[in-house]
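Thanks, everyone. Let me put the model on the screen, and then I'll walk you through a helix, a strand and the whole chain.

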Amino acid sequence: MSTQKAQQSESDTSQGLNVPTHLGLILDGNRRWAKDRGMPAFEGHRQGYLNLKTIAQAARERGVKYLSAFVFSTENWQRSKEEVNYLMNLFYWVATHEVDELHKNNVRLRFIGSEEHLTPKLLKAMREVEEKTKSNSGGTLALCLNYGGKQEIADAAAAMIRDGVKAEDVTPEKISSYLYAPDIPPVDLVIRTSGEQRISGFMLWRAEYSEMLFVKKHWPDFTVEDLDSALSTFANRDRRFGK
């Protein structure tokens with residue numbers, strides 16, 4: 001069995017359910033949530049982050065080992081400078097102020113994405129929190145920041161070329177080893193909120209056999225009960241991996 005298929009078969013059993021080892025979240029609808037309430041977009045992003053903390057903790061309690069959240073795509077730089085600056089400041093705050101709580105809860109924090117356009121200040125904070133939490137074993141929270149699925153694969157190919165990997169040695173397993181954070185396994189279940197039914201480049205390589213679930217609620221309204229419903233739906237799906 002290949003490494004990837006072996007990782008895909010690692011889903012745990014918790015509380016009688018087959019729980020995804022790796023849960024991916026596309027956090028859509030923060031701005032629409034705020035607009036519906038007459039609030040600025042910033043408040044939607046703030047509430048979205050607070051909800052991510054709640055859902056991530058609940059997922060860990062239910063046996064999910066890896067949770068990845070799409071928090072900022074390579075296309076999001078096209079948004080207003082004011083909104084981008086707010087988000088970058090929020091990510092810096094997370095990296096510098098949330099680390100103690102994550103460390104206390106034995107959670108490892110990873111950042112997945114390109115370093116291009118990120119400030120040295122933010123990159124330094126990201127690397128420091130990754131270093132501090134690298135040995136934690138209570139679960140991994142991966143924030144997909146400045147992330148694009150095509151860019152990840154392109155960066156993996158470029159790295160293999162720099163390392164002199166020969167064409168005959170290029171295999172799916174080899175490419176997997178050059179992805180961002182290659183120790184993080186394939187995604188078992190992807191949930192996207194706010195009613196959109198597309199993946200927008202999220203985890204293109206790791207989502208090969210992901211189960212997909214699209215939820216109409218905006219992300220800040222996604223509850224622990226919604227998570228439980230999603231996990232129940234996942235547990236009842238027949239995953240054949242092409243067989």
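Start with helix α7. The face turned away from its buried side carries exposed Lys150, Ile161 and Arg162. Exposed means over 50% relative accessible area, buried under 20%, partly exposed in between, with a 1.4 Å probe and protein chains only. Helices are DSSP runs of H or I with at least four residues, strands are E runs of at least two, and both are numbered from the N terminus.

Ground rules, quickly. This is a predicted model, where local features need pLDDT of at least 70, side-chain atom pairs count only at pLDDT 80 or more, and totals for chains, interfaces and linings use all residues. Residues are numbered from 1 along each chain as its sequence is written, and side-chain values use heavy atoms, leaving out hydrogens and water.

Back to α7. Which of its residues are buried? Gly149, Glu152, Ala156, Ala159 and Met160. Seen down the axis of α7, these buried residues fall within an arc of 100 degrees, so they line one face of the helix. The arc is taken from the directions from the helix axis to the C-beta atoms. An α-helix has 3.6 residues a turn, so residues three or four places apart point the same way.

What do the buried residues of α7 pack against? Strand β6, 140-147, and helix α8, 172-176. Contact here means heavy atoms within 4.5 Å.

Now the length. Just after α7, Gly164 has a positive phi of about 75 degrees.

Next, strand β7, residues 189-192. Leu189 and Ile191 are buried on one side, Val190 and Arg192 on the other, and both faces are covered. β7 runs parallel to β3, residues 22-26, with 4 bridges. It also runs parallel to β8, residues 211-214, again with 4 bridges. Pairing takes at least two DSSP bridges between two strands. Val190 is the bridge partner of Gly24, and Val190 stands opposite Met212 in β8.

Finally, the whole chain. It has 9 helices and 8 strands. Its radius of gyration is 18 Å, close to the 18 Å from the globule rule for 243 residues, so the chain is as compact as a globular protein of that length. The radius is over C-alpha atoms, and the rule is 2.2 Å times the number of residues to the power 0.38. Buried residues make up 48% of the 243.
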